[in-house]
Amino acid sequence: MNILSKLTTNTSKPNSTYHHEKEILLSELDTTVKSLEAAHCRFEYITEPDLIDCTIFELNAIQLKYKFLLNKMKELEKAI
């Protein structure tokens with residue numbers, strides 16, 4: 001089971017689980033931000049049209065993941 005599937009479960013859990021899930025979310029958010037920064041850097045330097053399209057799709061996917069993680073963090077905070 002991957003990290004994202006663990007986060008899609010019910011978030012109304014005991015306090016120790018809350019802290020564990022928060023750590024997972026923060027770690028995933030950090031990784032996602034780094035991926036987004038790297039994709040932005042690649043986008044600035046590529047010139048091949050197909051690679052530009054790929055990078056745009058990658059940026060969109062990473063942004064959706066970031067939005068998902070932020071929403072999960074908000075849900076987690078509301079559950080406490």
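## Salt bridges

A salt bridge is a side-chain nitrogen of Lys or Arg within 4 Å of a carboxyl oxygen of Asp or Glu. Side chains of opposite charge can pair when their charged atoms come close. The model described here is predicted: local features need pLDDT of at least 70, side-chain atom pairs count only at pLDDT 80 or more, and totals for chains, interfaces and linings use all residues. Residues are numbered from 1 along each chain as its sequence is written, and side-chain values use heavy atoms, with hydrogens and water left out.

The structure contains five salt bridges. One of them joins the side chains of lysine 72 and glutamate 75, with an N to O distance of 3.2 Å. Another joins aspartate 30 to lysine 34, with an N to O distance of 3.2 Å. A further pair consists of glutamate 77 and lysine 22, whose side chains meet at 3.7 Å, N to O. This pair links distant parts of the chain, since glutamate 77 belongs to helix H3 (residues 49–79) and lysine 22 to helix H2 (residues 15–45), 55 residues apart.

## Overall fold

The chain has three helices and zero strands. Helices (H or I, at least four residues) and strands (E, at least two) are DSSP runs, numbered from the N terminus. Along the sequence, the pattern reads α-α-α.

Of the 80 residues of the chain, 22% count as buried. Here buried means under 20% relative accessible area, exposed means over 50%, and partly exposed lies in between (1.4 Å probe, protein chains only). Contact means heavy atoms within 4.5 Å. Among the contacts in the chain with a separation of 6 or more, 67% are between residues 24 or more positions apart.

## Setting of the charged pairs

Lysine 72 and glutamate 75 both lie in helix H3, three residues apart, which is about one turn of the helix. Lysine 72 is buried, because its relative accessible area is 8%, whereas glutamate 75 is partly exposed at 38%. Aspartate 30 and lysine 34 both lie in helix H2, four residues apart, again about one turn of the helix. Aspartate 30 counts as partly exposed, because its relative accessibility is 39%.

In the pair that links H3 to H2, glutamate 77 has a relative accessibility of 37% and therefore counts as partly exposed. Lysine 22 has a relative accessibility of 28%, so lysine 22 also counts as partly exposed.

## Packing of H2 and H3

Two packed helices are described by the angle between their axes and the distance between the axes. H2 and H3 pack at an angle of about 160°, and their axes are 9 Å apart. H2 is therefore roughly antiparallel to H3. The axes are lines fitted to C-alpha atoms, for helices over the stretch in contact, and angles run from 0 to 180 degrees between N-to-C directions. Angles under 35 degrees count as roughly parallel, over 145 as roughly antiparallel, 65 to 115 as roughly perpendicular and the rest as oblique.

H2 passes H3 in a left-handed crossing. By class, the contact of H2 with H3 has 17 nonpolar, five polar and eight charged residues. A crossing is left-handed if the near helix is turned anticlockwise from the far one by less than a right angle, and right-handed if clockwise. For the classes, Ala, Val, Leu, Ile, Met, Phe, Trp, Tyr, Cys and Pro count as nonpolar, Asp, Glu, Lys and Arg as charged, and the others, Gly among them, as polar.

## Individual residues

Threonine 32 is found in helix H2. With a relative accessible area of 2%, threonine 32 is buried. Leaving aside neighbours within four places in sequence, threonine 32 is in contact with Ile62, Lys65, Tyr66 and Leu69. Alanine 38 also has its place in helix H2, but counts as partly exposed at 33% relative accessibility. The C-alpha atoms of alanine 38 and leucine 59 are 9.6 Å apart in space, and the two residues are 21 residues apart in sequence.

Threonine 55 is located in helix H3 and is buried, with a relative accessible area of 7%. Apart from neighbours within four places in sequence, the contacts of threonine 55 are Ala39, Phe43 and Ile46. Threonine 55 and phenylalanine 43 are twelve residues apart in sequence and 6.1 Å apart in space, C-alpha to C-alpha.
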